[in-house]
Amino acid sequence: MSAPDSIFVRACRRIPVESTPVWLMRQAGRYMPEYRRVRKQHSILEICKNPELAAEVTVTAAERLGVDAAIIFADLLLPLEVMGLDFEFREGEGPKIASPIRDSNAIARIKTDRPEDLGYVSEAVSMVARHFAHRLPVIGFCGAPFTLASYMIEGGGSRQYSETKRLMYGDPEAWEELLRRIVRVVSQFAAQQVSAGADVLQVFDSWAGSLSPSDYARFVLPQTKVLISELKATGAPVIYFATDSAMLLPYIKQTRAEVIGVDWRIAIDDAFEMLGPNFAVQGNLDPAALFAPERELRRQVREVLERAAGRAGHIFNLGHGILPETPVENVLALIDEVHAYSATRNQSPSSSVAF
Ligand code: CP3
């Protein structure tokens, strides 16, 4: 842990801060010319597996934007490789897993004894932590069991998750075993990142919103709880992020992650109300707001801040990752507006400035 007194780490712990911390999912990505320049020379996996490059991409994005945290440049799917599943990123198509998992035999073959083969991510974390020292906290991350299982079963991105649900409903014991194996690997992977200097961990459950609340409670929550309690044991605050999760919040609370990330499909004041006083909330501007004219973008940023109303434990973010076509100057305007507006607003919580 390198920056425990930063506004970001304090907000994760619901300690009042002078201005609202902000960082953005996919802040190092294709929208940024500096990133595209590195990508011209290297594939995404080459960047991930070369700690110097991964650290450079992480640091460049955080410094260019002036955000309050640096998320380590890596990918959700890296642990699949050490579990024995090969995959590649095809240009314009997204990830493709060579032999997707479809039955209990394939699940029995999943390896859980090599999480240290992901050491290149921790190496990059320690380089970034050394670079920023007390100036900026570092976020480590891993995938949640449901979202990783869905990639392993579907073989790539999906709209319906029908193969995932076929296995989940058809062979609940095999499903549970799959999630247990994922948790065994990613909990160690995330703990390595904390040992290397990550201040906070984010768990991405990007596709959990495809589940009914009762399926989430029955098939996903138990192993998600195991993962989050293991991550909390590292001492780092844990952010649990899922899109389209408003109706799942009563169950998501039970994970006991300190911070819950929500997307724009719920108003952030409603999320605070539903979660109650024991949770910080991260979010939740629609990434498409970055395509609006600057005046409208700034208005929407202020609206999120007004709804969050200076509550201790608000971390500003988008509701999902920055889209590749996003203009960089709009991202800079967003960050400027969060800092400037929250600095005046947080100091006078009773003010009623119109948004
Ligand atoms: O946020 C950051 O700046 C850190 C880097 C980061 C990446 N992937 C780098 C990346 C993070 C946090 C991720 C997480 C990730 N990866 C998620 C969860 C977040 C989410 O969006 O819900 C998921 C689902 C993945 C799997 C994945 N990796 C997909 C679906 C894709 C897109 C493929 C495409 O062509 O659009 C990737 C590739 C990827 N990972 C990119 C980046 C910046 C973009 C592709 C590139 O550089 O070619």
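## Strand pairing

Which residue in E7 is the bridge partner of Ile-239? In this predicted model, that partner is Val-259. Strand E6, spanning residues 238–241, and strand E7, spanning residues 259–261, are joined in the parallel sense over three bridges.

Strands E6 and E7 belong to an open sheet of seven strands, ordered E1-E4-E5-E6-E7-E8-E9 with parallel pairing. The edges of this sheet are formed by strand E1 (70–71) and strand E9 (314–318), each of which pairs on one side only.

## The largest pocket

Two or more lining residues are supplied by each of helix H2 (33–41), helix H3 (44–49), strand E2 (87–90), strand E3 (94–97) and helix H8 (145–154).

Strand E2 provides the largest share of the lining, with three residues. By class, the lining residues of the largest pocket are divided into 25 nonpolar, 11 polar and 10 charged.

## Packing of H8 and H9

Helix H8 packs with helix H9 (residues 162–170) at an angle of about 105 degrees, and their axes are 8 Å apart. Because angles of 65 to 115 degrees count as roughly perpendicular, H8 is roughly perpendicular to H9.

On the H8 side, the contact is made by Phe-146, Ser-150, Ile-153 and Glu-154, while H9 contributes Ser-162, Glu-163, Thr-164 and Leu-167. The contact of H8 with H9 has three nonpolar, three polar and two charged residues.

Notes:
Residues numbered from 1 in each chain as written. Predicted model: local features only at pLDDT ≥ 70, side-chain atom pairs only at ≥ 80, totals over all residues. Heavy atoms only, no water. Helix = DSSP H or I, 4+ residues; strand = E, 2+ residues; numbered from the N terminus. Nonpolar A, V, L, I, M, F, W, Y, C, P; charged D, E, K, R; others polar. Pairing = 2+ DSSP bridges. Axes fitted to C-alpha atoms, helices over the stretch in contact; angles between N-to-C directions. Parallel < 35°, antiparallel > 145°, perpendicular 65-115°, else oblique. Contact = heavy atoms within 4.5 Å.
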